[in-house]
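The exercises below are meant for a reader who is meeting this structure for the first time. Work through each task with the sequence and the model in view before reading its solution.

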Amino acid sequence: MTDSKAPSKRPRKASSPAKAGDAQEGAARESAAHASVAQESDKTGADASGTQAGAPKLSPREAAVEALMRLAAEQPWNDIEVSDIAREAGLTLAELRDLFPSKGAVLGGLTRIIDRKVLEGDLTGLEEEPTRERLFDVLMRRLDAMEPYKPALRRIAYALRGEPLSMLALNGVMLNSHRYMLAAAGIDTEGSLGQLKLQGVVIAFARVTQVWLDDDDPALARTMARLDKEIRNGERIMERAEDVRRLTAPLRAIGRSFLDWRPRERRSRDGDGDESDPAAAI
């Protein structure tokens with residue numbers, strides 16, 4: 001085992017006057033350069049779409065949605081025009097038109113962003129929980145993802161409350177969205193009972209959202225209590241629906257046999273139709 005030598009402490013040489021002056025002048029130039037860079041950074045810290053420098057660049061669709069949310073947080077929903085959204089997002093009207101058919105469709109685009117945030121989250125171990133706990137967890141994650149947009153959503157909800165056609169269109173958007181939320185919770189949505197579950201969750205979550213919009217408690221105690229209540233109520237409704245489904249099974253079999261007698265051409269004609277964005281009606 002060898003002894004380690006302590007590092008020698010050598011006194012620093014004093015700089016000559018000429019060298020000291022040069023060092024001070026260099027430091028001054030460097031300081032001025034840093035100040036110039038900082039000023040330029042402040043000017044260009046955010047681009048036209050509001051993206052901070054260094055942050056991931058938003059796609060045009062995301063930029064339009066974020067622009068609408070910024071506008072809706074500051075002014076009434078009915079005062080916002082598509083031209084305002086395009087300008088705020090740094091897009092031309094032609095570019096915005098290629099992305100969304102209407103202001104409501106831009107709002108519908110927010111649900112896709114929220115869906116992705118929830119679905120990309122870590123759901124490990126969730127499958128081991130009871131159904132009620134899985135659904136509770138997924139819907140709370142959805143509210144967490146909606147939190148940055150809360151001021152805008154509060155204004156929008158107030159504006160749309162008295163517009164039944166807009167609410168109907170929004171229901172169609174949420175049906176598509178919550179189909180994936182239920183899938184993330186491991187809940188089946190196929191068949192007649194699956195559709196009932198899906199519509200029930202949409203209605204229940206709308207009620208929970210109304211509480212959440214007015215819940216400024218960081219712990220969200222009122223919101224969580226309402227969500228738990230809505231899930232339990234939904235469970236009771238589904239239990240009754242299961243009973244009704246078993247009792248009406250013979251009648252449904254007869255009904256299906258009558259439907260099978262319809263002319264094939266008519267069935268084909270009734271099934272035609274173009275897919276459209278339900279949010280465009282908002």
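**Exercise 1.** Which residues in α8 are buried?

Solution. This is a predicted model, in which local features need pLDDT of at least 70 and side-chain atom pairs count only at pLDDT 80 or more, while totals for chains, interfaces and linings use all residues. Residues are numbered from 1 along each chain as its sequence is written, and side-chain values use heavy atoms, with hydrogens and water left out.

Begin with the terms: helices (H or I, at least four residues) and strands (E, at least two) are DSSP runs numbered from the N terminus, and buried means under 20% relative accessible area, with a 1.4 Å probe and protein chains only. By that cut-off, the buried residues in α8 are Ser166, Ala169, Val173, Met174, Ser177, His178, Met181 and Leu182. As a next step, look at what surrounds them: the buried residues of α8 pack against α5 (103-119), α6 (131-146), α7 (150-160) and α9 (191-213).

**Exercise 2.** Find which members of the largest nonpolar core touch the most other members.

Solution. A nonpolar core is a set of buried Ala, Val, Leu, Ile, Met, Phe, Trp, Tyr and Cys residues joined through side-chain atoms within 4.5 Å. The largest one has 54 residues, of which Leu68, Met69, Trp77, Leu107 and Leu135 touch the most other members. The elements that give two or more residues to this core are α2 (60-72), α3 (82-89), α5, α6, α7, α8, α9 and α10 (221-247). Now follow Leu135: leaving aside its neighbours within four places in sequence, Leu135 is in contact (heavy atoms within 4.5 Å) with Leu182, Ala185, Ile187, Val201 and Ile231.

**Exercise 3.** Describe the protein chain as a whole, by its helices and strands and by its buried share.

Solution. The protein chain has 12 helices and 0 strands. Of its 282 residues, 30% count as buried. Among contacts in the protein chain with a separation of 6 or more, 67% are between residues 24 or more positions apart.

How values were computed
Buried means under 20% relative accessible area, exposed over 50%, partly exposed in between (1.4 Å probe, protein chains only).
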